[in-house]
Amino acid sequence: MTVRDPTPVPEHPSLEEVYEATPFSEAFWTYVNYIILNIFGWFRDFLRRTRIENRKGSAEYNPSGFVPLYQSYESFYTRNVYQRIADCFNRPIGGVPGGKLDLMERVTEDYNWSFNFTGNKITTINLGSYNYLGFANNNGPIADNVIESIKENGLATASSTQEFGNLKQHRKLESLVAQFLGTEDAIAFGMGFATNALNISSLCGKGCLILSDELNHTSLVLGARLSGAVIKVYKHNDMKHLERLLRDSIVSGQPRTHRPWQKILIIVEGVYSMEGSLCKLPELIELKKKYRAYLYLDEAHSIGAMGSRGRGVVDYWKCDVNDVDVLMGTFTKSFAAAGGYIAGKKELIDHIRINSHACAYAISMSPPVVEQIISVLNLLIDDDETREGRKRINQLAWNTRYFRQRLSKMGFIVYGHPHSPVVPALLYSPSKIAAFNREMLKRGVSVVTVGFPATPLVLGRVRFCLSASHTKEMLDDVLKYAEEVGDLLNMRQSKLNPKKPFHETELIAH
Amino acid sequence: MGSPANHDNVASLATDFYSLLESFKETPFYHLLFEIFLVLTVLWLILFRKPRRIEKKLTEKEKQELIDEWQPEPLVPPVDANHPALNVRVLDGIVGKTIEIDGKKSLNFATFNFLNFVGNPRITDKAIQAVQKYGVGSCGPRGFYGTIDIHLELEERLAHFFNCEEGIIYSYGFSTVASIIPAYSKRNDILFVDEGVHYAIQKGVEASRSTVKWFRHNDISDLERLLVEQDIHDKKNPKKARTLRRFLIIEGLYMNYGDLCPLPRMVELKYQYKYRIFMDESVSFGTIGQTGRGVTEYYNIDRRKIDLISSSLEYSVGSIGGFAVGSSFVVDHQRLSAQGYCFSASLPPLLAAAAIEALNIMEEEDTTLCDTLMEKSKRLHQKLLDIKGYLIVGEDISPLKHLRLTNSQNTVARLEEIVEFAQTRGITITVARYLNDEHRLPEPSIRLILNVEMTDEELEFLCTVLQEARVKVTV
């Protein structure tokens, strides 16, 4: 891992996020694409129903008379669109998901209905894994700590947190997280998804209002639903819409009874993983104070990856951490472990310890995973610029600026905030999603391409996840291949940044 | 007799009336229609229209006043500093057959370590090898480079162990069944759920938004009653009934009660009333049945008759995570629609490696782990029955038993005293912890869990301590 600049990159919060309008031709051809897929889909379904074509996939064991388990229209999209490009997803790997990846080569003889492994491994540059600070490693001092911890504390406690699942390590982790973020206390759970899904109901219940961003993650939506509160969705990052909703909701009260709301919770994410955008934290805090609402910030992708000290979006926007009521995050992305945490005031954490579903029933975190997080936190808490933690944060920040600027100067339509390590470049149509993925794999780069239903129908995209373990050479290679493939697929259509060839986009990144 | 003048008046009235009628005949038709319409409208306005209260819209000033007046509740209510969850014991070292609290060792009857795989040296070695090969985290969900070859191996091994077509693993035990149920059962589908199921299943049922029909715990006649009711309802509306899916959600061995479900009868009813069975075998995997293959092995039922078996890697196997096995037709659906699978990072590879090694140990030719566990559970059950003053809840072969005090003395406070006393004597047991919003809060009890490596002397010691505690507490 080479460091470009030994001095820290000056971090000025930037307010500009550019979302270029979809070119008309792209939208048109994407709809045509979907229409063709639909026509073929209906035709093939007809053939399958009349048994002219063999039904692939398995059949049910139960005798007839049972109501069918799946509605056939539910799986129309799966059978006819997703199945065609299924080789782009669920790719198995055979090693560490670090800067380079060992993909297990697989071939299909029946158009993606089943796969066989050839036994070969393909090494590719990994732009798909969430490894922002590059801590995914199978050797080194952190791995040694993890191995020690397995020997000392075993792999699991087989007991829940409220019973006998608390080891000294868990307490240490919680106090380190609180120290890292600058809050009074913190609590850690074994799964990031479950942290959201199971804890929002301890904060809100019937009679409360939840204002949730349009693009919030499924775990937040599920958690809000399970809580029983009334949910209102506001347009992504649209503070005016949020303010209108706040005013109207407080004035009109609960639906039907018009009683005043018990509390109002605004749920946002730090970095949105499909758009690459940042939440507008200063404005949110202003709104929250003006209307006496509470703020729940999900920093799954931003903790460790944003901010000059790696403390997330609160650090990036230079806000006061006490202004955010509930700070939540996961350990899967920047810490290369597994799990989630919630941090905030001591009363909040005590309340969660007593009332959380995960504390009462779920088994506590696995000790080696806890040790991994503790080791990474120790590195990150250290503010010394010459030490490992800071070096990685700076490297990631440099990589982000470099990659984003070159990519957009080359003419790709790139969404998101200029400092976010999640870089979506628009592809629009489903066939390009598959083509980009396969072409990049041929050239030795593994990327993540997503389409409907994770994104809006017309806005399929490739999402690059940058990492501190990428060197400048790796990024240059990726950019060169992206240029080739971009030309092949006619992707470089930005009007704001008319396309330039790769060698003309050399620049000093800042 | 009227006067000639009256007579004349009547006559003139009559002629007037007659000429009126004549004029009616001469007016255009539309004119008549219009008049009739106006008359009817006036009548309607008078008789039928209610006067509408005119609501004035709120002025900006009034809105601002409302906004200024509104005060939210505090984010969290004040907490009781003496709540047991805030004063938990902090342990050190391996939580195996013995645990160390405050420097003292005690026998562990509190954690779900049925087969004593926590701290097992073979499993530890395999986990260390996995760390040296894969690192710790998998850094992605299954769809985006988070599928590691060791996950695929574990899924195959689990499917092979249960003799099913396919297996699928999750990274968290609680989320497994809570994600599975909403993946199949949607709004309007019908779920028949036993009242004694554990909390994760209750959350899954809630998340599915389906119609739920609870039946009394392990009461087959109550279930039949509900099925018959549903049948009658269906016959009234057969077209709708053909689109409603039905599921029976049960556990193999109930965590909150320690008893087995009456599976044979439930399978019979399945073919009669056409519902699908989803069975959660978190506790019975590795503990019930000759080779630990669960309740289906114990009752000798063909596993293909159960549509989906979900279980956990956190209890007998001593790792983290959960899994489900069944036919490919059923299991494959979860890969795109189970939220806890698609939208969450995959299981760290070292934990998957540990689970594979645990399966290796369980599948060894000459292993008698599960048999021994059932034997010891029976012996412990006998011994516990000999102690006066306790009510033992659970099957005799179940390694998980609930202890309650008899009569009206069964309170959490007394049970906590028993636990305290046992701790001073070197036995660790725990009061079962529940949240208050369980569907049917079980009675307070001590959850006793048997570790297969416990010797007879240690079981004797446990019974002695329990007897002494009882005496001490109820004095």
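Predicted model: local features only at pLDDT ≥ 70, side-chain atom pairs only at ≥ 80, totals over all residues.
Residues are numbered from 1 along each chain as its sequence is written, and chains are lettered from A, with ligands numbered from 1, in the order in which they are written.

Let us start where the two chains meet. In this interface, 111 residues of chain A are in contact with 114 residues of chain B, contact meaning heavy atoms within 4.5 Å. The size of an interface is often given as the accessible area lost when the parts come together. Here chain A and chain B bury about 9900 Å² between them, 66% of it on carbon and sulfur atoms; buried area is the accessible area (1.4 Å probe) that two parts lose on being put together, summed over both. On the chain A side, Phe164(A), Arg292(A) and Tyr361(A) supply 9% of the area buried against chain B, more than any other three residues.

What about charges and polar groups in this interface? Side chains of opposite charge can pair when their charged atoms come close. The rule finds two salt bridges between chain A and chain B, a salt bridge being a side-chain nitrogen of Lys or Arg within 4 Å of a carboxyl oxygen of Asp or Glu. A salt bridge to look for joins the side chains of Lys168(A) and Asp92(B), at 3.1 Å from N to O. The interface of chain A and chain B also holds 33 residue pairs in polar contact, both residues being at pLDDT 80 or more. A polar contact is a pair of N or O atoms within 3.5 Å; within protein, one must be able to donate a hydrogen and the other to accept it, and residues adjacent in sequence count only if both atoms are side-chain atoms. The side of chain A that touches chain B divides into 59 nonpolar, 35 polar and 17 charged residues. In this count Ala, Val, Leu, Ile, Met, Phe, Trp, Tyr, Cys and Pro are nonpolar, Asp, Glu, Lys and Arg are charged, and the others, Gly among them, are polar.

Strand β1 (residues 92–93) of chain A pairs in the parallel sense with strand β4 (residues 147–148) of chain B, over two bridges. Two strands pair if DSSP finds at least two bridges between them; helices (H or I, at least four residues) and strands (E, at least two) are DSSP runs, numbered from the N terminus. In this pairing Ile93(A) stands opposite Ile148(B).

Now turn to chain B. Its domain assignment gives domain 1 (88–114 + 366–474) and domain 2 (121–365), with bounds that come from an automatic or database domain assignment. The centres of domain 1 and domain 2 of chain B, taken over C-alpha atoms, are separated by 27 Å. Their contact takes 26 residues from domain 1 of chain B and 29 residues from domain 2 of chain B. Between them these two domains bury about 2400 Å², 59% of it on carbon and sulfur atoms. In domain 1 of chain B, Phe112(B), Cys370(B) and His439(B) lose the most area to domain 2 of chain B, together 22% of what that side buries.

Across these two domains of chain B the rule finds one salt bridge. Glu195(B) and Arg440(B) form a salt bridge, with their closest N and O atoms 2.9 Å apart. Helix α16(B) gives the most to the side of domain 1 of chain B that touches domain 2 of chain B, with five residues.

Chain B also has an open sheet of four strands in the order β1-β2-β3-β14, with mixed pairing. Its edge strands are β1 (91–92) and β14 (427–428) of chain B, each pairing on one side only. Strands β2 (residues 98–101) and β3 (residues 104–108) of chain B run antiparallel and are joined by four bridges.

Finally, some details of chain A. Lys432(A) forms a salt bridge with Glu26(A), the closest N and O atoms being 3.2 Å apart. Lys432(A) lies in helix α14 (residues 430–442) of chain A and Glu26(A) in helix α1 (residues 24–49) of chain A, so the pair ties together parts that are 406 residues apart in sequence. A cis peptide bond, with omega about 0°, joins Phe452(A) and Pro453(A), and Pro453(A) is found in the loop between β13 (448–450) and β14 (460–465) of chain A.

Notes: Heavy atoms only, no water.
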